[in-house]
Amino acid sequence: MKVVMVAVALLAVAAPAAAQVDFSGEWAPRFWEDQPERVPGPELGDYAGIPISDAARRRADTWDAAIQTQPEWQCRPHSADYIWRGPSNLRIWKEVDPVSREITAFHAEWLRSVDRTIYLDGRPHPPADALHTWAGFSTARWVGDILEVTVTHLKEGYLRRNGLPRSDKATLKEYWIRNGDYLTVVSIVHDPVYLTEPFIRTTDYELNLRQQIPPYPCSVVQETDRAKGVVPHFLPGANPFLREYAEKHGIPFEAARGGADTMYPGSSRPVAAAVATRSSTTALQTAPIQILPVRGNIHVLQGAGANITVSIGRDGVLLVDTGVAQMTDAVLAAIRRLQDELDLRERPLGFAAETRSSVADRHVEPPAKPIRYIVNTHVHPDHTGGNARLRLAGRTFTGGNVAGTIADATEGAAILAHEKVLNRMTEAGPGQRPAPFDVLPTDTYYTDGMKLSHFFNGEGVQLLHQPDAHSDGDTLVYFRGSDVIAAGDVYLTTTYPVIDVERGGTINGVIDSLNRILDLTIPEFRTEGGTLVVPGHGRISDAADVAFYRDMVTIVRDRIQAMAAKGMTLDEVKAARPTADWDPRYGATTGPWTTDMFIEAVYRTVGRGTTSQ
Amino acid sequence: MGQRVSSTVLAIALLSQPIVQGQGSGRQGGSASPRAAAPVDLTGTWVSVVTEDWRWRMRPPPKGDFASLPLTEAAIKVANAWEPARDTAAGEQCRGYGAPAVMRLPGRIRVSWENDATLKVETEAGTQTRLFHFTRPSSPGKPTWQGTSVAKWEAAGGRRGGAPRGGALRVMTGNLRPGYLRKNGVPYSANAQLTEYYNVVTDETTKDTWLIVTTMVEDPQYLSVPRFVTSSHFKKVDAAVWMPTPCQAD
């Protein structure tokens with residue numbers, strides 16, 4: 001009896017606690033499905049079998065492959081959803097917890113991709129406005145022997161490499177199924193912007209123990225002579241290649257145009273098939289003020305109107321913008337949380353065990369230094385509304401003849417801005433009163449930029465004027481050590497560019513600003529990471545995100561400029577829907593900044609400013 | 001004659017394999033019938049969602065379009081001689097609807113239990129019926145378009161105690177009448193052997209349930225690789241609609 005019990009106990013110990021199929025190994029893709037698309041590359045105008053929206057179709061119709069020659073796209077890898085279909089071998093390896101011996105993560109890497117980590121340790125997904133990447137953020141769980149993977153935080157990608165876009169609002173479900181030495185991966189893309197139904201693909205790999213994935217270095221070069229600021233694309237209706245695929249293969253042109261109906265044979269489309277997709281990332285943000293770490297000393301506060309970028313450290317606090325006035329208490333509370341998290345302890349000066357004790361003060365930290373600088377990126381109240389109270393919550397350290405001459409020089413933080421911000425605040429528009437004294441910038445510049453005259457929290461801080469962009473007084477704030485740019489409203493991830501024409505904004509100024517940001521950015525790897533950009537509104541970004549936005553804005557500008565050149569009236573331009581490809585992503589029919597308002601602002605200012613084609 | 005002999009040998013080999021047993025640490029539930037022991041429910045009506053190989057699946061591909069397929073010279077020669085009118089005249093319109101190809105054809109499929117030990121798969125395309133036997137047929141019979149299929153459950157393994165949580169169906173098919181892997185005359189021989197895995201996943205985002213079929217065809221005569229692997233996906237749909245269509249040679 002005892003022997004039997006011991007045997008049972010040994011069996012129980014040996015059995016793993018959860019289903020854990022091992023996917024690790026070298027996997028060779030089998031290209032017996034869609035080989036022409038996956039290896040040589042898809043043909044232009046082939047959208048069949050993909051449940052694309054009208055916006056996706058319109059965008060692909062105007063896509064020019066030459067856009068890939070831009071510096072930002074030369075080293076762009078396939079995204080997590082497309083890489084399975086790419087012409088690349090796959091390596092999967094695993095991480096094992098040394099205590100539980102459970103698999104805590106799989107890593108998947110292909111020839112032309114970044115390493116993709118799939119976490120199985122129960123960690124949550126990041127906040128919705130954290131940086132998006134090519135690989136996205138993946139977690140997984142076991143459903144029997146199948147690994148179910150959930151992917152969020154994807155950068156914009158493509159459904160097919162012929163211009164069919166997949167938006168950065170998309171999420172992805174994957175199911176990894178191992179059948180002996182074969183791996184079948186089910187990939188289901190949900191994209192509320194460019195798909196009308198989920199897009200499912202299944203891809204097969206075969207174990208190949210002799211395979212080796214070589215390195216794939218990539219360097220950006222000047223591929224072609226092109227004027228700065230030009231983004232290759234076809235104007236609507238001008239792409240001569242769209243019918244080639246259908247004609248070559250004898251396929252009805254309408255079928256080649258794709259859409260959900262083309263996935264189903266004849267009348268077999270399920271009645272209830274058009275399920276509304278949703279982005280799971282949108283539900284993740286719940287706190288009124290959310291603190292997102294950016295890099296090093298830099299954080300961003302979200303939920304106070306505009307994004308507030310915060311530099312916090314031993315020198316004190318620097319804020320880029322102050323949000324709306326009614327959120328100031330919450331902003332101050334968030335700053336205090338950041339201050340509380342600072343580790344300001346220092347070894348006692350001249351410490352030596354034989355002569356001095358550190359016991360007395362080891363549990364006591366010195367107080368954090370206050371808000372010392374506020375930078376206003378421009379004049380709008382969602383960026384300056386907290387100026388008065390946040391300034392007064394801070395302090396300026398000065399003395400000597402400055403304090404002697406200016407009695408209140410030490411009261412409150414300094415507010416830095418371009419001179420035109422001050423001018424706009426102090427001028428009274430029709431029916432308006434000038435802004436009260438407490439909200440006004442205290443230190444302005446009128447040239448193309450200024451620097452803090454000394455390091456702050458260990459790095460240089462540079463203010464770069466962007467003329468005639470979102471307004472006439474825009475400033476980029478560049479944290480040179482952290483390598484973070486606070487862009488203000490010249491760059492947004494939530495809407496089309498807001499152009500305040502009455503205050504000097506122009507479409508070309510916005511495009512110039514976006515290109516200026518790209519000039520400053522250096523990616524960490526494959527147009528990802530590296531210099532980070534905090535938009536005026538929306539999620540933390542990098543060069544690729546800004547480049548996607550720059551491409552979109554430039555293409556829309558070019559379209560409206562061409563329409564205006566043909567003599568079309570504003571109403572005719574609006575009716576032509578020059579933004580239709582991006583409306584599900586950036587457009588609005590209600591609210592403070594509608595698509596019509598954007599089109600009108602472009603129409604009114606196209607040809608003005610500094611950039612023109 | 002040589003093909004017929006090979007086919008029979010394969011069929012015998014196929015049918016001599018264990019049928020009702022789990023693989024690895026899977027379990028079959030003792031004496032429970034295959035139906036009662038099913039670790040996953042495959043029954044219902046499913047519609048193929050054609051997002052891959054569209055131009056070859058959603059319309060009869062033109063003669064000579066063999067892209068994506070790993071074919072031998074012999075296969076290419078046969079395919080280049082394809083004459084759909086000849087197939088029609090010979091009463092062989094269903095050559096493109098055999099087991100190695102039928103799951104790739106567009107349309108609905110209906111999965112149900114024929115009896116406690118036989119799973120039935122009906123297809124709208126070509127109005128075909130496949131029978132997956134969990135108990136060994138007494139004899140393979142003569143070759144047919146759908147051949148003779150034996151099935152076994154592969155329950156999800158690695159768990160301690162309790163009922164299996166999920167699993168897959170493995171189906172092996174032989175005893176096939178020669179047919180077309182692609183409807184434009186790309187052949188498979190009577191020697192062809194088919195292995196399929198049936199898995200079901202549910203997308204929690206939309207609550208859609210998907211049937212995933214991984215198909216491996218072995219046919220040294222006409223395939224230049226040991227195994228030709230594809231995977232197909234079907235969405236579970238309302239069972240009320242069922243519109244079978246006859247076989248067509250083109």
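Student: At what angle do α12(A) and α13(A) pack?
Tutor: This is a predicted model, in which local features need pLDDT of at least 70, side-chain atom pairs count only at pLDDT 80 or more, and totals for chains, interfaces and linings use all residues. Residues are numbered from 1 along each chain as its sequence is written, while chains are lettered from A and ligands numbered from 1 in the order in which they are written. Helices (H or I, at least four residues) and strands (E, at least two) are DSSP runs numbered from the N terminus, and axes are lines fitted to C-alpha atoms, for helices over the stretch in contact, with angles from 0 to 180 degrees between N-to-C directions. The axes of α12(A) and α13(A) lie 10 Å apart, and the packing angle is about 155°.

Student: What does that make α12(A) relative to α13(A)?
Tutor: Angles under 35 degrees count as roughly parallel, over 145 as roughly antiparallel, 65 to 115 as roughly perpendicular and the rest as oblique. The angle here is about 155°, so α12(A) is, relative to α13(A), roughly antiparallel.

Student: How many nonpolar residues does the contact of α12(A) with α13(A) have?
Tutor: Residues are in contact if their C-beta atoms, placed from the backbone, lie within 7 Å. Among those making this contact are L514(A) of α12(A) and V553(A) of α13(A). Ala, Val, Leu, Ile, Met, Phe, Trp, Tyr, Cys and Pro count as nonpolar, Asp, Glu, Lys and Arg as charged, and the others, Gly among them, as polar. Beside two polar and two charged residues, the number of nonpolar ones is 11.

Student: Is the crossing of α13(A) and α16(A) left-handed or right-handed?
Tutor: Helix α13 (residues 543-565) of chain A packs against helix α16 (residues 595-605) of chain A at about 60°, with axes 9 Å apart, which means that α13(A) is oblique to α16(A). A crossing is left-handed if the near helix is turned anticlockwise from the far one by less than a right angle, and right-handed if clockwise. For α13(A) and α16(A), the crossing is right-handed.

Student: Which elements do the buried residues of α16(A) pack against?
Tutor: A residue is buried if 20 or more other C-beta atoms lie within 10 Å of its own, exposed if 12 or fewer, and partly exposed in between, with C-beta atoms placed from the backbone. In α16(A) the buried residues include F598(A), I599(A) and V602(A). I599(A) and V602(A) also meet residues of α13(A). The buried residues of α16(A) pack against α12, α13, α14 and α15 of chain A.

Student: What is the order of the strands in the barrel of chain A?
Tutor: Two strands pair if DSSP finds at least two bridges between them. For example, β3 and β4 of chain A pair in the antiparallel sense over four bridges. Nine strands close into the barrel, with mixed pairing, in the order β1-β2-β3-β4-β5-β6-β9-β10-β11.

Student: Which are the edge strands of the open sheet?
Tutor: Chain A has an open sheet of seven strands with mixed pairing. Within chain A, three bridges join the parallel strands β16 and β17. An edge strand pairs on one side only, and these are β12 and β18 of chain A.

Student: Which element gives the largest share of the side of chain A that touches chain B?
Tutor: The contact takes 45 residues from chain A and 44 residues from chain B. On the side of chain A, α2, β9, β10 and β11 each supply at least two residues. The largest share, six residues, comes from β11(A).

Notes:
Contact = placed C-beta atoms within 7 Å.
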